[in-house]
Amino acid sequence: MVVEELVRRLFAAFQAQNRAAADELLAEDFTFSSPRDEGFDRAGYFEECWPHASALASITLEQIFTEGDDALVRYTAVRAADGVRFRNVEFIRTDGVRIKEVEVFFGRELG
């Protein structure tokens, strides 16, 4: 599967809270980290991060840069609680078939 397609499918599964779709996309040894979350494994990601999709009114992918099996993704999101827009970047490492790692870098609020 093309890396960009993996990325788009993961973001779509997250927004739709489609756990079955995400299960198919994430490798068994998947890891997730962000400035707030250090080194979650697959189970930790589904327990701690997955439920927070409802906190976002929307996510819009702006750019996906790929190199080999890796991707750098820039997106804007809107918080459901207050409508504030913000931008983040994620580094996503794959094995070409499944997503192995997501590392989130928080951006600024856009107003």
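**Close-up 1. V73 and the residues around it.** Setting aside residues up to four places away in sequence, V73 touches V7, F11, L61, Q63, I64, N88, V89, E90 and I92. Keep in mind, here and in the other panels, that this is a predicted model. V73 also turns up among the residues with the most contacts inside the largest nonpolar core, alongside F32, Y45, I99 and V102.

**Close-up 2. The largest nonpolar core.** This core has 29 residues.

**Close-up 3. F30 in its surroundings.** F30 sits in strand 1. Leave out the neighbours within four places in sequence, and F30 is in contact with F40, D41, R42, Y45, I99, K100, E101 and V102. Three of those partners, Y45, I99 and V102, are also named among the residues with the most contacts inside the largest nonpolar core. For a sense of scale, F30 and G44 are 14 residues apart in sequence, and their C-alpha atoms are 10.0 Å apart in space.

**Close-up 4. R42 and D23, a salt bridge between two helices.** R42 pairs up with D23 in a salt bridge, with 3.3 Å between the closest N and O atoms. The pair ties together distant parts of the chain: R42 belongs to helix 3 (residues 42-49) and D23 to helix 2 (residues 19-25), 19 residues apart. Are the two partners buried or exposed? R42 is buried, since its relative accessible area is 13%, while D23 is partly exposed at 26%. R42 is also one of the residues in contact with F30.

Close-up 5. E5 has 39% relative accessibility, so it counts as partly exposed. R9 is partly exposed too, with a relative accessible area of 32%.

Close-up 6. D82 and R79 make a salt bridge whose closest N and O atoms are 2.9 Å apart. D82 is partly exposed, with a relative accessible area of 45%, and R79 is partly exposed at 27%. Over at R19, D23 and R42, salt bridges that share partners join the three residues into one network. In total, the structure holds 10 salt bridges.

**Close-up 7. The largest pocket and its lining.** The largest pocket has a volume of about 700 Å³. It is lined by 24 residues, and the ones closest to its centre are H52, L56, Y75, N88 and F106. Which elements give two or more residues to the lining? They are helix 1, helix 3, strand 3 (56-67), strand 4 (70-79), strand 5 (85-94) and strand 6 (99-109). Strand 6 gives the most, with five residues. Sorted by class, the lining has 14 nonpolar, four polar and six charged residues. N88, one of the residues closest to the pocket centre, is also touched by V73.

Terms used. Residues are numbered from 1 along each chain as its sequence is written. This is a predicted model: local features need pLDDT of at least 70, side-chain atom pairs count only at pLDDT 80 or more; totals for chains, interfaces and linings use all residues. Side-chain values use heavy atoms; hydrogens and water are left out. A salt bridge is a side-chain nitrogen of Lys or Arg within 4 Å of a carboxyl oxygen of Asp or Glu. Buried means under 20% relative accessible area, exposed over 50%, partly exposed in between (1.4 Å probe, protein chains only). Helices (H or I, at least four residues) and strands (E, at least two) are DSSP runs, numbered from the N terminus. On a 1 Å grid over the protein atoms alone, a cavity is a set of points where a 1.4 Å probe fits but cannot get out, and a pocket is an open set with protein on both sides within 12 Å along at least five of seven lines; lining residues have an atom within 4 Å of a point. Grid points are joined across faces, edges and corners, and a volume is the space filled by probe spheres set on the points. Ala, Val, Leu, Ile, Met, Phe, Trp, Tyr, Cys and Pro count as nonpolar, Asp, Glu, Lys and Arg as charged, and the others, Gly among them, as polar. A nonpolar core is a set of buried Ala, Val, Leu, Ile, Met, Phe, Trp, Tyr and Cys residues joined through side-chain atoms within 4.5 Å. Contact means heavy atoms within 4.5 Å.
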